[in-house]
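Take a look at the structure first, then read on.

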Amino acid sequence: MSACTYFDPPQAHLSSLFVIFKMASCSTPPAKKTKLEEKGNRGTGRHRKEWESPSFEKRKYTGWIKASPEGPTHSFCVPCRKSIKVTASGIFDLKSHFATQGHKNCVAKLKTYRWMDEYFQPVRELTPCKSNASLAEVMFCHFVAEHNLPPSVADHFSDLVSTLSPDSKSAQDFACKRTKTTMIIKESLAPAYTEKVIEACRKGPFSSMVDESNDKNTEKRLVILARIFDWEMSQTRLLDMPIPASGKATDIFAKIDNFMRLHNIPWENVVGFASDNCNTMVGRDNSVLSRLKEKSPNVFSIGCICHLANLCVKAGVKALPMKLDDFLVNIFYFFHNSSKSLTDFKEFQQFTEVEEEKILKHCPTRWLSLEKVGNKTLSQLPALKSYFASH
């Protein structure tokens, strides 16, 4: 074999080298990986709903993050109550935030709180003992409201019930102190009774009675009563006690009209109206009664009989040699600040065989006390005459 033949490459080998060289010269170099791709495609640039899913990373973020009000480029951290930007590394931005000491402090503080669902227990059927205890609690609250007792009585009564009946499961389950008593009366008993009266006002005729509180408080309350008659009930019941803007007839009637419209009570059912005899209430023009007659033309009102009778009595007692009010007040103050006079008067009560009772004080601004104080003084009249005759 000659040297020329030894150094000449075969034709097939040259063709292969040519193809490889051509492919290498025509192909482009691979693109450089971005920063996100180098991190394993961790960044999405947007908040993902799947991060809040219980199935995502074993519920690691459920309840802790949610969509941010700043837009999809942020996630909202519930413990820290702030938005976290996730455009750089996505879920890893949140992981970096969760590793900060500030987030850990917020989580530690949040664990000391109780969630709202812990305050609400699932509804379950009451056992007979629990049912009897609940019934007893409602009856006790009704007793407190009916006899106008202070709710603080319930603090001692609950402990007393369990002590008196240690063998009764219902007594041991009885738990109704002042807070629970107040809420049962205000949120359960009162609405139930009020709704019963309102339903009676919707169905048939009734009379409305209105009065204002005095001027001693910063707010004047308006008491609205209803006198209802039907085959089941014929008595006076409270409807509402709103606070009018002022003592003017326009504001007073606005509260009454608002109550009627709120509960769908037709004005045609109002057949009577009772109040005091001031011009604001029963004046001919621009009064509560004049506005009420525009709604119900057949309404009947004669004013307050008690006020009219009181005016008549005041005019009659002027014929007496001395004022009756001053006479009763002077008797009270004669014994009020002297224990010796009270001790001596007690002996005269025993001597004249009258009942040993205290002398009451008549308050001139409360004319309803005049009859009670007068009757009490008349019952002590023999002892009073004997005492003052001997002194």
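Is F388 buried, exposed or partly exposed? F388 is partly exposed, with a relative accessible area of 37%; here buried means under 20% relative accessible area, exposed over 50%, and partly exposed in between (1.4 Å probe, protein chains only).

Before going further, some housekeeping. This is a predicted model, where local features need pLDDT of at least 70, side-chain atom pairs count only at pLDDT 80 or more, and totals for chains, interfaces and linings use all residues. Residues are numbered from 1 along each chain as its sequence is written, and side-chain values use heavy atoms, with hydrogens and water left out.

**Aromatic pairs**

A search of the whole structure turns up 14 aromatic pairs; rings of Phe, Tyr and Trp (its six-membered ring) pair if their centres lie within 6.5 Å, with planes under 30 degrees apart called stacked, over 60 edge-to-face and the rest tilted. Two of the pairs are set out here.

| Pair | Centre distance | Plane angle | Type |
|---|---|---|---|
| F140 and F157 | 4.4 Å | 0° | stacked |
| Y387 and F388 | 5.4 Å | 80° | edge-to-face |

Helices (H or I, at least four residues) and strands (E, at least two) are DSSP runs, numbered from the N terminus. F140 is buried at 8% relative accessibility, whereas F157 is partly exposed at 30%. In the other pair, Y387 is buried, at 2%.

**Where two helices meet**

Y387 and F388 also belong to one aromatic cluster with F334, F335, F345 and F348. Helix α14 (residues 324-336) packs against helix α17 (residues 381-390) at about 65°, with the axes 14 Å apart; axes are lines fitted to C-alpha atoms, for helices over the stretch in contact, and angles run from 0 to 180 degrees between N-to-C directions. I331, F334 and F335 of α14 make the contact with L384, Y387 and F388 of α17, where contact means heavy atoms within 4.5 Å.

Three strands form an open sheet in the order β1-β2-β3, paired antiparallel (two strands pair if DSSP finds at least two bridges between them). β1 (65-67) and β3 (82-85) each have a single partner strand, so one side of each is left without a neighbour in the sheet. Three bridges join β1 to β2 (residues 74-77), and I65 stands opposite C77 in β2. Helix α4 (residues 91-98) packs on the sheet and touches β1, β2 and β3.
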